[in-house]
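Here is my note on the model you sent. Please keep the structure open while you read.

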Amino acid sequence: MDPKPSDISELDFFTRQVLEPKGFAFMWVYKPLCPDCKNSRLKKLKKRDKVYTCESCKKTFEKGDYGELLVYNIEYTCPKCGKQGTDSGKWKKPTSKTSTVMQKFECKNCGEKLKVSRMSKKKK
Ligand SMILES: [Zn+2]
Ligand SMILES: [Zn+2]
């Protein structure tokens, strides 16, 4: 489990959302630390770059290799039992932009199957 982010520029993805009817989930995924030098987080230096670069050792990583390094962290309040918990693991980033589920997980207390969705800007 990674610490809660203080700087969202270090994140590859994050979302906060309500789990209907009364739950809540906060999910965050850090840009991975360079597996070689562990000094910098990998990022695209320019938006159109196809590879991710470590600013410390200048090593570059293909998208697939970068994807292998991603770890998700979820802090949640279960909508069924109301207990709080956390979950983390290797994150398989959805490849499709239309995929609505970012990560599935289970409440560690009651076993309820939960998911973090891609946020859509729907009206209340
Ligand atoms: Zn490095
Ligand atoms: Zn539960």
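The points below go from the overall layout to single residues.

1. **What we are looking at.** This is a predicted model, in which local features need pLDDT of at least 70, side-chain atom pairs count only at pLDDT 80 or more, and totals for chains, interfaces and linings use all residues. Residues are numbered from 1 along each chain as its sequence is written, while chains are lettered from A and ligands numbered from 1 in the order in which they are written.

2. **Elements.** The protein chain has one helix and eight strands. Helices (H or I, at least four residues) and strands (E, at least two) are DSSP runs, numbered from the N terminus. Read from the N terminus, the order is β-β-β-β-α-β-β-β-β.

3. **Extent and burial.** The C-alpha trace spans about 45 × 30 × 25 Å along its principal axes. Of the 124 residues in the protein chain, 20% are buried. A residue is buried if 20 or more other C-beta atoms lie within 10 Å of its own, exposed if 12 or fewer, and partly exposed in between; the C-beta atoms are placed from the backbone.

4. **Contacts along the chain.** Two residues are in contact if their C-beta atoms, placed from the backbone, lie within 7 Å. Take the contacts between residues at least 6 apart in sequence: 40% of them join residues at least 24 apart.

5. **Domains.** The domain assignment gives domain 1 (1–32 + 70–116) and domain 2 (33–69). Such bounds come from an automatic or database domain assignment. The two domain centres, taken over C-alpha atoms, are separated by 23 Å. Six residues of domain 1 are in contact with seven residues of domain 2. On the domain 1 side, the touching residues divide into three nonpolar, no polar and three charged. Here Ala, Val, Leu, Ile, Met, Phe, Trp, Tyr, Cys and Pro count as nonpolar, Asp, Glu, Lys and Arg as charged, and the others, Gly among them, as polar.

6. **The four-stranded sheet.** In which order do the strands of the open sheet stand? The order is E1-E2-E5-E6, with antiparallel pairing. Two strands pair if DSSP finds at least two bridges between them. E1 and strand E6 (84–90) stand at the edges with a single partner strand each, so one side of each has no neighbour in the sheet. E1 and E2 run antiparallel and are joined by eight bridges. Within E2, Ala25 stands opposite Gln17.

7. **The cis bond.** Glu20 and Pro21 are joined by a cis peptide bond, with omega about 0 degrees. Pro21 lies in the loop between strand E1 (11–19) and strand E2 (23–30).

8. **The E7–E8 hairpin.** Strand E7 (residues 101–106) and strand E8 (residues 113–117) run antiparallel, joined by five bridges. Lys104 has Lys115 in E8 as its bridge partner. The hairpin has six residues between the strands, and Gly111 in this hairpin takes a positive phi near 80 degrees.

9. **The core.** A nonpolar core is a set of buried Ala, Val, Leu, Ile, Met, Phe, Trp, Tyr and Cys residues joined through C-beta atoms within 7 Å. The largest one has 15 residues, and those touching the most other members are Ala25, Met27, Val29, Tyr72, Ile74, Tyr76 and Val116. E2, strand E5 (71–77), E7 and E8 each give two or more residues to this core. E2 gives the most, with five residues. Setting aside neighbours within four places in sequence, Tyr72 is in contact with residues including Met27, Val29 and Gln103.

10. **Two lysines to check.** Lys38 sits in the loop between E2 and strand E3 (52–53). Lys38 counts as exposed because it has 11 C-beta neighbours inside 10 Å. Lys58 also has a positive phi, near 70 degrees. Its place is the loop between E3 and strand E4 (60–61). With 10 other C-beta atoms within 10 Å, Lys58 is exposed.

11. **Pro5.** Pro5 lies in the segment before E1. Pro5 is partly exposed, because 15 other C-beta atoms lie within 10 Å. Not counting residues up to four places away in sequence, Pro5 touches Glu10, Leu11, Phe14 and Trp28.
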